[in-house]
Amino acid sequence: MENTHPAIAEALLPFHRLSEICLAHLAEAPENGNKVAGVYCAFAPEELIRALGILPVSLCGKDEKPISVAETHLPAALCPLIKSSYGFALSDTCPYFAASDVIIGETTCDGKKKMFELMGKMKPVHVMQLPYAVDNSSARTFWREEILRLKTFLEKQTARKVTDAALTEQIELINLRNSKLMKLADMMAADVPPISGRELLKVMESRNVAIDIASYNGLLDNLLSTIDSVAGKTESKKKPRILITGCPMGSGSDKVMKIIEDLGGIVVAQEHCGGLKSIFRHIDTGTNLLNSLADHYLGTPCACMSPNTRRLDYLLKLCEQFTADAVIDATLQNCHPYTVEHQSVATLIEEKAGIPVFHVNTGYSPSDTEQIRVRVEAFLEML
Ligand code: SF4
Ligand code: SF4
């Protein structure tokens with residue numbers, strides 16, 4: 001962002017280098033006796049994976065390039081995230097997929113669960129069967145069993161046993177990481193946010209490749225204290241404040257965010273999976289750890305859940321906390337859960353928060369960029 005204070009820009013730099021460091025860790029994993037698990041979704045319990053010394057890496061595809069390869073196996077009318085993820089695997093062009101010993105999948109949406117069946121021909125894939133009713137007690141019991149089934153699978157892979165001490169350590173480390181990320185995200189509630197939404201997104205998604213969480217937490221501390229130290233020293237005019245929600249987003253699939261901020265808006269809150277959805281709640285370490293872990297993950301406010309009232313409640317809270325002027329719901333083409341849920345999101349926000357909601361349904365191709373730009377420009381002018 002042109003107005004990012006130079007000291008903050010400097011403190012952001014190490015986050016851009018984390019993928020390189022991650023690849024070095026993955027290359028050393030076999031000689032260090034560590035397995036690598038590829039994950040695709042916010043329902044994958046990172047704490048349990050790490051408690052066995054397994055390194056989790058996110059394989060979520062955000063790039064258009066591998067889609068044409070994926071379409072040799074998959075129908076074109078499938079969400080680009082699935083096609084990109086599968087295309088990377090099929091074309092063997094993702095070093096993270098190549099380094100993964102196992103893949104952890106979940107039966108979230110139909111496209112993803114069928115993709116995992118095909119992926120099972122390339123790597124060992126363990127699929128967690130996800131129930132969709134978060135407040136139903138039998139669904140909770142079922143999912144707790146699924147967490148145990150994953151534990152057994154991972155223990156077999158590593159010939160190790162999960163201990164309470166190791167699980168507690170990982171839960172506390174990740175709770176701490178998430179609270180620091182939330183502190184950073186909360187800073188966007190200021191009249192003049194210290195960084196752009198896209199800069200925040202880069203930091204948020206870097207957690208997916210941060211193998212050493214303790215040093216990652218150190219980088220976050222440095223960024224947070226740098227922002228504190230230059231508070232009030234950044235010149236900027238007030239901008240239209242946008243809350244973005246919808247399908248997962250990350251660098252490479254942040255076309256809509258780029259358009260909003262290039263046009264003079266500021267994305268003050270990001271509810272999607274690459275942003276707050278997967279980090280705003282903490283895991284309780286006081287009770288049965290595995291049940292606690294299971295209940296936490298089942299509470300993820302993803303549109304695959306039915307009903308998904310927790311997402312709606314959270315969106316309302318975010319509108320107020322970040323004094324949003326509008327919500328932009330950015331969904332991916334052929335994503336049924338999020339595109340159908342758009343109606344509920346728009347009605348709720350317009351009626352209860354009293355601010356407008358704008359829907360952009362797009363893919364990874366840049367071909368509709370100009371068309372979206374014109375529509376977003378007209379929308380921002382209305383605010
Ligand atoms: S939006 Fe839902 S299915 Fe997609 S990555 Fe997030 S939690 Fe998983
Ligand atoms: S964006 Fe939608 S269709 Fe694509 S993987 Fe996520 S939930 Fe499934």
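How are H1 and H10 placed relative to each other, oblique or parallel? Point 2 gives the answer.

1. **Model and overall form.** This is a predicted model, in which local features need pLDDT of at least 70, side-chain atom pairs count only at pLDDT 80 or more, and totals for chains, interfaces and linings use all residues. Residues are numbered from 1 along each chain as its sequence is written, while chains are lettered from A and ligands numbered from 1 in the order in which they are written. The chain has 16 helices and eight strands (DSSP runs numbered from the N terminus; helices are H or I with at least four residues, strands E with at least two). Its radius of gyration is 20 Å, close to the 21 Å of the globule rule for 383 residues, so the chain is as compact as a globular protein of that length. The radius is taken over C-alpha atoms, and the rule is 2.2 Å times the number of residues to the power 0.38.

2. **H1 and H10.** Helix H1 (residues 6-16) packs on helix H10 (residues 197-206) at about 40 degrees, with axes 9 Å apart. Axes are lines fitted to C-alpha atoms, for helices over the stretch in contact, and angles run from 0 to 180 degrees between N-to-C directions. H1 and H10 are therefore oblique to each other (under 35 degrees is roughly parallel, over 145 roughly antiparallel, 65 to 115 roughly perpendicular, the rest oblique). From H1 come Leu 12, Phe 15 and His 16; from H10 come Glu 199, Lys 202, Val 203 and Ser 206. Contact means C-beta atoms, placed from the backbone, within 7 Å. Three of these residues are nonpolar, two polar and two charged (nonpolar: Ala, Val, Leu, Ile, Met, Phe, Trp, Tyr, Cys and Pro; charged: Asp, Glu, Lys and Arg; polar: the others, Gly among them).

3. **H14 and H15.** The axes of H14 (residues 309-321) and H15 (residues 336-353) come within 10 Å and cross at roughly 40 degrees. That makes H14 oblique to H15. In H14, Leu 312, Leu 315, Leu 316 and Cys 319 take part. Their partners in H15 include Val 345 and Leu 348. The contact has eight nonpolar residues, one polar and one charged.

4. **Ligand 1.** Among the residues around ligand 1 are Cys 41, Phe 43, Cys 109 and Cys 273 (C-beta atom, placed from the backbone, within 6 Å). Eight residues of this shell are nonpolar, two are polar and none is charged.

5. **Ligand 2.** 13 residues surround ligand 2, the closest being Cys 79, Leu 81, Cys 109, Cys 247 and Cys 335. Helices H5 (80-91), H7 (110-119) and H15 each give two or more residues. By class, 10 are nonpolar, two polar and one charged.

Conventions. Contact = placed C-beta atoms within 7 Å.
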